[in-house]
Amino acid sequence: MATVVDTVKPPPGGASAVSGERNLRNAFGGVLSLFILLLIGILGFSIRLFSVIKYESVIHEFDPYFNYRVTQFLIKNGIYDFWNWFDDRTWYPLGRVIGGTVYPGLTLTAGTLYKILHALNIPLSVETVCVFTAPIFSAFAAWATFLLTKEVKGTGAGLTAAALLAMVPSYISRSVAGSYDNEAVAIFALIFTFYLYIKTLNTGSLFYATLNALAYFYMVCSWGGYTFIINLIPMHVLLCIGTGRYSSRLYVAYCPLIVLGTLLAALVPVVGFNAVMTSEHFASFLVFIIIHVVALVYYIKGVLTPKMFKVAVTLVVSVGMVVCIAVVAILVAVVASSPTKGWSGRSLSLLDPTYASKYIPIIASVSEHQPPTWPSYFMDINVLAFLVPAGIISCFLPLSDASSFAVLYIVTSVYFSGVMVRLMLVFAPAACIMAGIALSGAFDVFTSSVKFQLPGLLGDSDAGDSTSGDAVQNGAAKAEPNAAVEKSEETLKERPSKKNKKKEKEPAVKASIKSKIKKRLLVLPLETSIIALLLLILLGAFYVIHCVWAAAEAYSAPSIVLTSQSHDGLHVFDDFREAYAWLSHNTEVDDKVASWWDYGYQTTAMANRTVIVDNNTWNNTHIATVGTAMSSPEKAAWEIFNSLDVKYVLVVFGGLVGYPSDDINKFLWMVRIGGGVFPHIKEPDYLRDGQYRIDNQATPTMLNSLMYKLSYYRFVETDGKGYDRVRRTEIGKKHFKLTHFEEVFTTHNWMVRLYKLKPPRNRIKGKTKKSKAKSSSTSTKGKKNPWH
């Protein structure tokens, strides 16, 4: 009989043919997927190069200049000097310990890339490596999105989501070439950490759990947004436990992350013991206790009889409740001792959007901490906003551990993006994942409908029915090849009678009819399917056009170099670099420069001069001191700056060219921050009937403030009227002189103005001369000497 089985060949189209065809298709699909992923990576990298093509290879914005300066120091002096670096050129006279106050992930990543490239004899400069770090990691982020979405809904959804993320404007805004900020590598770390968590959850592998903890460690090194991960994952674990989806895989996915991840996070100097002492991390520890109680209950259930299990569960739950209450009581006691209840200011701003405006104006003053407007959603994620609901519905069909995590991710990120516009960056990957799932599912339905009905159109209706019937049978055969092989072997071993053949045939026919009916239910009319496919392609084309426009026009311009298009052509404003170059070449190395904190990083990095405050904003009192000086009359401001050993004051002014982000528009924040520490500065003194004005209706306090005088000094000479193009009005005080400051440099377009503090002895000498003249005149008149 065995010989018969060996000699008998399987019929054409049998199990082996189906298996071979499937293997061939899988291999071809794998190669095609790799090729598509490579193209997506190239797309993600190249779409971010508009800033270099249109302008030049230059660092953007403000924070990236500090990161660039730190990277230079790391490469030049090594990692040990980097950890112990005390920077005396910032926050004078306090200074700053760089190694203990910076997230080192971005710097270490760029430094490593620099060393690797030079080891390969590719001599790129530090600046070039820093400029292109963000586009490189954008490609990595797209690939990580593919891996994450593939774990949730399959390869098709993963490829679609990766392509969407490579182009999404929200992510482009923070990852164009030159945007050398923490988010450049942090978004990749965020998505990759989520992927490894889902991978561990699906496989239960301790290997992936360890990799997950390491990816979390990299995220902690890179960005303060790591607290989103350490709160979202415990929320998902709690959701799984609450819905009865606990498994050993969930335990393996969560517990190593908390234990190993927390230990690694504590090694980062800027985090340290905050990993176990701040309220942002307490939820993860509470869920850690809960999952162990649940695991113990499941273990006892498998060991004991049902009667003994009830007794044991009562005991375990009672003990667990006591432990939880004790832990919560300790946490409440620790939290209650903190004025902010153990939360950081930014975290409280996310939980209570009004908190920053009430108590911490320094946080509220940052534009990226403001809530977004509805148009900004369409600008930053475009058509994805309409596809996200469809993706959420797809995740419930059917609901799995991975898809429930994706739903939780999109819900929480939508809330946080609605509170703070900067967190649109966290929302963008979730929107791309949901839109990818929705588009992939829609394409599957529409293309299947076309494919199912196409044979019927090519031949007659009977042929179409038979073809579709064969397709259904082939699909059933592909779904269960092993069953077909076993069945063929059984038929060889014994020859059934005709009666048995009939009985065997009946369930097979019923199954084929059932599967055919099921497929028919998913089939849409051919015309509807084709129109829907065309509309989806049109939607995708519109998204691509918008993304390319956003990358080329909206987000490619570096803030250090500005452009303006008018009827007489393109105008380039390079005033910032002009001013920093003047400072670098015309001042002493140890001179101190005072400005609003926005320009501190650029002044230190580009002019190499000591600043009083910068963008780190770690010392509110120091910033309030500068704000008070800018809000005070000239003499009082001179005394404040002189006490800080300041020699030059830098002011940004946009009234001549129409640059809206100047210091006059930021002035009320200086008043609020200064007034929060020094009560004699009151915001109503600078407002006329609640309105902020700089015209002839402005208050005397406003007109006599140092910021007003330094911005509008000699401004009337430009057009004879003193018309401010940003505020669209003529200034109130046009002709005045400075007594304690002198203008030393104003850039070509008046965007940056530099003033020098007059030395005190000149003014004292003048006063003594006046006093002597007075005394001589009074003595001649026979009056009493005022000095006695």
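This is a predicted model: local features need pLDDT of at least 70, side-chain atom pairs count only at pLDDT 80 or more; totals for chains, interfaces and linings use all residues.
**Stop 1: the whole protein**

Start with everything on screen in cartoon view. You're looking at 37 helices and 11 strands. Colour by burial if your viewer can: buried residues make up 46% of the 788 residues. Now think about contacts between residues at least 6 apart in sequence: 72% of those join residues at least 24 apart.

**Stop 2: the sheet**

Next, select strands E5, E6, E7, E10 and E11. Together they form an open sheet of 5 strands, and reading across it gives the order E6-E5-E7-E11-E10, with mixed pairing. Which strands sit at the edges? They are E6 (610-611) and E10, and each of them pairs on one side only.

To see a partner pair, show Lys592 and look across to Thr610 in E6.

Move along to E7, residues 648-652. E7 pairs with E11 in the antiparallel sense, over 5 bridges. Show Leu650 and you'll find its bridge partner in E11, Leu754.

Now stay on E11 itself, residues 752-757. Is this strand mostly enclosed or mostly open? With 5 of its 6 residues buried, E11 is largely enclosed by the rest of the structure. While side chains are on, here's a handy rule: in a regular strand they alternate between the two faces of the sheet.

E10 and E11 run antiparallel, joined by 5 bridges.

**Stop 3: helix H23 and its neighbour H22**

Time for helices. Two packed helices are described by the angle between their axes and the distance between the axes. Select H22 (residues 384-395) and H23 (residues 401-419): they pack at an angle of about 150 degrees, with axes 9 Å apart. Angles over 145 degrees count as roughly antiparallel, so that is how H22 and H23 lie to each other. H22 passes H23 in a left-handed crossing. Show side chains for Val388, Ile392 and Cys395 on H22, plus Ser403, Ala406, Val407 and Ile410 on H23, to see what makes the contact. How do these residues divide by type? There are 6 nonpolar, 1 polar and no charged.

**Stop 4: H23 again, now with H13**

On the H13 side, the contact includes Phe228, Leu232 and His236, while H23 brings residues including Asp401, Phe405, Tyr409 and Phe416. By type, the residues of this contact divide into 10 nonpolar, 4 polar and 1 charged.

Conventions:
Residues are numbered from 1 along each chain as its sequence is written. Side-chain values use heavy atoms; hydrogens and water are left out. Two strands pair if DSSP finds at least two bridges between them. Helices (H or I, at least four residues) and strands (E, at least two) are DSSP runs, numbered from the N terminus. Axes are lines fitted to C-alpha atoms, for helices over the stretch in contact, and angles run from 0 to 180 degrees between N-to-C directions. Angles under 35 degrees count as roughly parallel, over 145 as roughly antiparallel, 65 to 115 as roughly perpendicular and the rest as oblique. A crossing is left-handed if the near helix is turned anticlockwise from the far one by less than a right angle, and right-handed if clockwise. Contact means heavy atoms within 4.5 Å. Ala, Val, Leu, Ile, Met, Phe, Trp, Tyr, Cys and Pro count as nonpolar, Asp, Glu, Lys and Arg as charged, and the others, Gly among them, as polar. Buried means under 20% relative accessible area, exposed over 50%, partly exposed in between (1.4 Å probe, protein chains only).
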